[in-house]
Amino acid sequence: MVWGLCTVYYRSNVMDDQEMMPISSTVSETSSGIKVRKNFPETWLWESTESGQDGRASLKSTVPDTITSWVITAFSVDSLYGLGLLDAPKKLKVFRPFFISVDLPYSVRRGEFVSIQVVVFNYLSKDVTADVTLENIGQFDFADNSNDVRDSKLELYKRKSLTIKSNSGSPTSFLIQTKDLGYISIKLTATSKLAGDAIEKKLLVKPEGETIYKNKAIFVDLRKETSFEKNITLEIPSNIVPDSEFIEIGAVGDILGPSTMNLASLIQMPFGCGEQNMLNFVPNIVILDYLKNTKQLTTAVETKSLKYMETGYQQELTYRRSDGSFSAFGSVDASGSTWLTAYVVKSFRQAMPYIPIEEKIIIEGLQWLSNNQANNGSFPEVGYVSHSDIQGGSSKGLALTAYTLIAFLENQKATPVYRNTINRAVEYLVRNLPGVEDPYAMAICSYALHLADHPEKNVAFNLLELKANTIDGKKWWKRMDRANDKKNPWVQEPNSVDVEMTAYALLTYLQRGLVEDGLPILHWLVSQQNEQGGFASSQDTVITLYALSQMAERITPSTLKLSTTFSYMKNGQSELKVTKDNAMVLQLIELPKRTRVVNVTATGTGFAVIKVSYRYNVNVTGAWPLFSLDPQVDKNSNANHLQLSVCSGFRGGNDSNMAVMEVTLPSGFTVDNDALPSLRLSNNIKRVETKDGDTVVMLYFDKMMAQEYCPTISAFQTHKVANQKPVPVTVYDYYDQSRRARVFYEPRRATPCEICEDSDCTKMCMQTDNPKSGSPSHFRNGLQLTFVIVSISSILLVQYFN
């Protein structure tokens, strides 16, 4: 079957060379009638349509505002002819003969000076003189470096005049100082007698320092009670960055409501290894199972979940090794991991009802596990364990053996084939159960023995109960106290190990049919959730969501009509109503920044999850660091190039679990991607990633030891920013959030005089011939460099579009 694609080319708002043409548009326009271009998506047109009897279909869509060439491809499926493909992708060119181009940094910090770099291109047949205007609605200040007292009135715009030759481009810039937080509007207009253009982009302005996230979640159960009341105190320190607070209240009528809405962002931490990637995969299985069983599944949620599952599945296969095992970093590791292989094969089996998964992958994984079972029945870790609690110390590897046993027990097709393997593992657990002190190992062992329905499950359950903690109607399990834990303020934060073992305990309760007795555990687990519906890290999020889904299926109320009132400050009050109709919708309301106490009252029937989420920034070194951390800007660095060496080691004992170092670059800088391969070749660093437009570098370590390791990161200034604020470097244990450190550093700071151009530079900046103070010679060199770049771009554009 031959598949054809016909594209109709539109040229947006092309003006005649002879005169300014009036423009009609349904989108926003300037006062002179010029359409404001503001839609700049990275991808466009993901559409599905059905053809008629003649096999033809048409699709009409407004072209985005980007001056570019879109590559269009398509395929068709027919019951008779099968799959049809294009012979070759088609191109759709979007072009204007006169347009503005502006390049903004990914983000800047409040109070920094930013040079808004603008190039106006002219592909008309004549030279033009254009007025270029930057509008200001009060979100920033135009920079003024003179000694004059500034006018207190807001400058609404600045305008510069440019002469642009035909088939060429001319640069200019505007120097501003950021003021408002969030996305601020950068709106530019270029007008001439022959043509005009207007463009609006958003610049993200962040507060100084590092963001700290907090969440106070409460499970409100009014199935038997008629009312509920509680005061929630926001733990916001006095030394935060001013005005960096963001406070939000929310209510949802389903335990998994927040998680369902945030499947792509369940945790705040990165997930770039084989185990963490499963966070893209397993929660979707849990959500689909739960919504399907409770008859709440919608097409939208199903489509989204299946998409994430398919992506996560394909990505996880990149961590598969030739022997059928899986490891944290795939072929880079010396061998496969018992823990990760068990985790993957268990999850792949659970996903088979939803997406195509090759049976061979599961069978080979189970066979690899069986081949590596020890003679005594245990499953030792063959590879390196990035999560040391699963291996256990005094527990003799019980946790890992129980975890791997669960993978066999939940693969029901494999149970008959590997009956001997399963029996040997069960007997190992039973033999070593007496005398186990580690509550983490006890929680997993108890659940495994209940799945196996072994007579010793009652003994395991009783031992587990002895280690429970109960306060204020909540019940949970926590790891054994370590030296100096009482002095560490981070111990009080939600911890992945405690959450994970408590989730296993809840699953054990449900295996025993103790639903009502499990409610105090549910209350505690909900209180540990983050604002996205996930938990501290990846493994605890996956296990706990599964436990919550199993619990939620058993306690879903027959009626739900609940009204929640939030009172704050003196007279502030907001109300959220939760019903059956909106049970899965997480309702959110932002509160004033100065809120410090929220009173929550609820009446009605049913249950809901109520939360108060907040965040703020701090710009001080983190308390109680358990890693040494010393970022140093090398002497070879200058205003345009940053060479940063970061030395770090673990202070909290022997070795850490998997550790992640996040290095934030100063505003205006992006990482030198050509230098990243040298970091990846290091034996210490297992993976290197970047985010936020290459302005944050993340380094993954199998573990950190007392001996320091000092990676060096190289970055270049890609955008002109002055008076840069200090930025953080953080390092943390991925599976134990009480182990962390935070230190700030700053580069060689540029001054406003070094990045200003044209009239933005006052006499004060221009009167000295010192290059570091923005001298005339330095300024001219800057213009020559900019002109060369623009000239090259112009040639490329002429060749491309002609």
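**View 1. Leu642 and Ala715 stand opposite each other, Ala715 being in strand S30.** The model is a predicted one, in which local features need pLDDT of at least 70 and side-chain atom pairs count only at pLDDT 80 or more, while totals for chains, interfaces and linings use all residues. Residues are numbered from 1 along each chain as its sequence is written, and side-chain values use heavy atoms, with hydrogens and water left out. Strands (E, at least two residues) and helices (H or I, at least four residues) are DSSP runs numbered from the N terminus. S25 and S30 pair in the antiparallel sense over 5 bridges; two strands count as paired if DSSP finds at least two bridges between them. Ala715 of S30 is also the bridge partner of Val671. S30 (residues 712-717) and S27 are antiparallel and share 3 bridges.

**View 2. The open sheet of 4 strands has the order S24-S25-S30-S27 and antiparallel pairing.** Strands S24 (627-633) and S27 (669-671) each have a single partner strand, so one side of each edge strand is left without a neighbour in the sheet. From one strand to the next, the twist averages 30°; such angles run from 0 to 180 degrees between N-to-C directions, and axes are lines fitted to C-alpha atoms, for helices over the stretch in contact. S24 and S25 run antiparallel and are joined by 7 bridges, and Phe627 has Phe650 in S25 as its bridge partner. Strand S25 (residues 641-650) is largely enclosed by the rest of the structure, because 9 of its 10 residues are buried. Buried means under 20% relative accessible area, exposed over 50%, and partly exposed in between (1.4 Å probe, protein chains only).

**View 3. A sheet of 5 strands is open, with the order S28-S29-S26-S32-S33 and antiparallel pairing.** Its edge strands, S28 (685-691) and S33 (736-745), each pair on one side only. Here the twist averages 15° from one strand to the next. S28 and S29 (residues 696-701) run antiparallel, joined by 6 bridges. Glu689 stands opposite Met698 in S29.

**View 4. Helix H5 (residues 359-371) has buried residues and is covered by several helices, among them H3 and H4.** The 13 residues of H5 reach 18 Å from the first C-alpha to the last, close to the 18 Å expected at 1.5 Å a residue; the expected span is 1.5 Å times one less than the number of residues. Buried residues of H5 include Ile361, Ile362, Leu366, Trp368 and Leu369. Their cover includes helices H3 (299-316), H4 (338-351), H6 (398-409) and H7 (419-432).

**View 5. Helices H3 and H4 pack at an angle of about 145°, with their axes 12 Å apart.** Met309, Tyr313 and Glu316 of H3 make the contact with Leu340, Val344, Phe348 and Ala351 of H4, where contact means heavy atoms within 4.5 Å. The residues of this contact divide into 6 nonpolar, no polar and 1 charged. In this classification, Ala, Val, Leu, Ile, Met, Phe, Trp, Tyr, Cys and Pro count as nonpolar, Asp, Glu, Lys and Arg as charged, and the others, Gly among them, as polar.

**View 6. Asn284 lies in helix H2 (residues 282-293).** Asn284 counts as buried because its relative accessibility is 0%. Not counting residues up to four places away in sequence, Asn284 touches Leu263, Ser305, Tyr308 and Met309. Met309 also belongs to the contact of H3 with H4.
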